[in-house]
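Thanks for coming. I will take one model today and go through its fold, beginning with a single helix. Please have a look at it first.

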Amino acid sequence: MSLFCHPVEHMIKALSIERIGGVCMFNISGSGETLLCPEIVEITEGLLRNGHYVALINNCTVTNRIQQLAAMPASYKERLFFKVSFHYRELRKRKMLMDFVINVNLLKTAGIAYSIEIVSNDCILDDLDELKEFSMRNFGALPHVLTGRDEYVAGTYPRSKTKLTHDEYNAIWASFDSDLFAYQQRDYDIPHREFCYAGVYTGTLLLSTGDFTPCPGTRKVTNFFEDLESRIRFLPMGHSCPFPNCYCGFFLHVLAGVARDYDPGVYFRQFRDRLCTDGSYWLTPSIREAFSHRCSEYHEPYAPAKEFYINLLMRKVYKGTDPSGEESAKLALIVRENLSAKGYRKAAIYGMGVMGQWLANILTTAGIEIVCGIDRRFAEIKGTVPVQSPDTPIPPVDVVIVSVYAEFTNIAPSLRTKTDAVILSITELAG
Ligand code: SF4
């Protein structure tokens, strides 16, 4: 039985460059070995055919899938990257070290970029010299080193995961001369509280359902695989990151630039590439070029009014905080200017829960007439706005605003059959 709610063809159609709004880097990781997923070659090929880049996080042991990918046209392979997890002790135990080497070399001869990586870990301390010698002999360079972390735990280096002191830990793993490790150590303890564009420049897409969140562990923003006729409504986290430390901070900040001005001049290529002893590189020219830019280079920052609106919206979602009197007045002004400019004076609100009430207060302050609320729990909801069932005909309004933004893609198609009014999400009331 397939793990996916939709056929691969449907997913690939939903992920066209036109619908997403540009070329993307899809970083595909399975919950388990990625290349064991039966549909992985079809998905990878489909995304590459669409014009995107694909990075596959895998352990480079599933030979038949690697051979299939290596047989793709050169124009596809130049946009493919393998992030290879090197499980040295496990491969040695299973006598698979040479299979691993053969597969890595197949990537190289096929023109597919790769980077070999180990996770710092006490279990392998006794084998580090052997691992280094093996890597130099077979890959022409040492693997990069990643520091594992728990985003919910603040503090310096992974103290809970190692018996080493901070100095010992640094000295041992810094011997790999990996910029990836050095940067993580420098950045490990820095909480990121900038306006975060995760949810727009980056995001986590669950291929099994199409649900999209800004970062793993954050709330659903939309669904990519529903309502294919509509554009995707992205939504950034703003200042409401729920984690004490940035999730995969180096990756998202340096590859994507989710905090636009953070560490200019640092690019992802230095965390992935290696110069080999034979003068070759792990990255291909096209992937090195892709890793030499940030998503933020291709997007304008939000206008101050939009940033303010999104920030307060996300603050309500993540912290439950209502706007102060001053903030309410400013929000109302932003929303009034936006809706009035489009000629929207009479509105209905779909979804009269917490966010619906938040919106109703702003619209009321803005002087926009709320003709009705629409909610499945209409009989239980009391307030100044009349609330009706979704099955009741919608009275004449200029706009229906969906407060339940994460479900917009399954609510909007049914609303379109009931009204000619414009249908907006609560996320798009500030331009
Ligand atoms: S974990 Fe990092 S990228 Fe994700 S929302 Fe927080 S600051 Fe943004």
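Which strands does helix α3 lie across, and at about what angle does it run to β2? Helix α3, residues 40-50, lies across β1, β2 and β3 (80-85), and its direction is at about 155° to that of β2. Axes here are lines fitted to C-alpha atoms, for helices over the stretch in contact, with angles from 0 to 180 degrees between N-to-C directions. Contact means that the C-beta atoms of two residues, placed from the backbone, lie within 7 Å. Helices (H or I, at least four residues) and strands (E, at least two) are DSSP runs, numbered from the N terminus.

Two remarks on the source. This is a predicted model, in which local features need pLDDT of at least 70 and side-chain atom pairs count only at pLDDT 80 or more, while totals for chains, interfaces and linings use all residues. Residue numbers start from 1 along each chain as its sequence is written.

Back to the strands. β1 to β5 form an open sheet of five strands in the order β1-β2-β3-β4-β5, with parallel pairing; a pair requires at least two bridges found by DSSP. At the edges are β1 (25-28) and β5 (144-146), each pairing on one side only. From one strand to the next the twist averages 25°. β1 and β2 (residues 53-58) run parallel and are joined by four bridges, and Asn27 stands opposite Ala55 in β2.

Now to another strand pair. β12 (399-402) and β13 (422-425) pair in the parallel sense, over four bridges. Val400 has Ile423 in β13 as its bridge partner. Between β12 and β13 the chain passes through helix α17 (408-416), and this β-α-β crossover is right-handed: with the strands pointing away from the viewer, the path from the first strand over the helix to the second runs clockwise.

Next, the whole chain. It has 17 helices and 13 strands. Its radius of gyration is 25 Å, close to the 22 Å that the globule rule gives for 431 residues, so the chain is as compact as a globular protein of that length. That radius is taken over C-alpha atoms, and the rule is 2.2 Å times the number of residues to the power 0.38. Along the principal axes, the C-alpha trace spans about 75 × 45 × 35 Å.

Last, the domains. An automatic or database assignment sets the bounds: domain 1 is 8-298 and domain 2 is 304-428. Their centres, taken over C-alpha atoms, are separated by 38 Å. In contact are 17 residues of domain 1 and 18 residues of domain 2.
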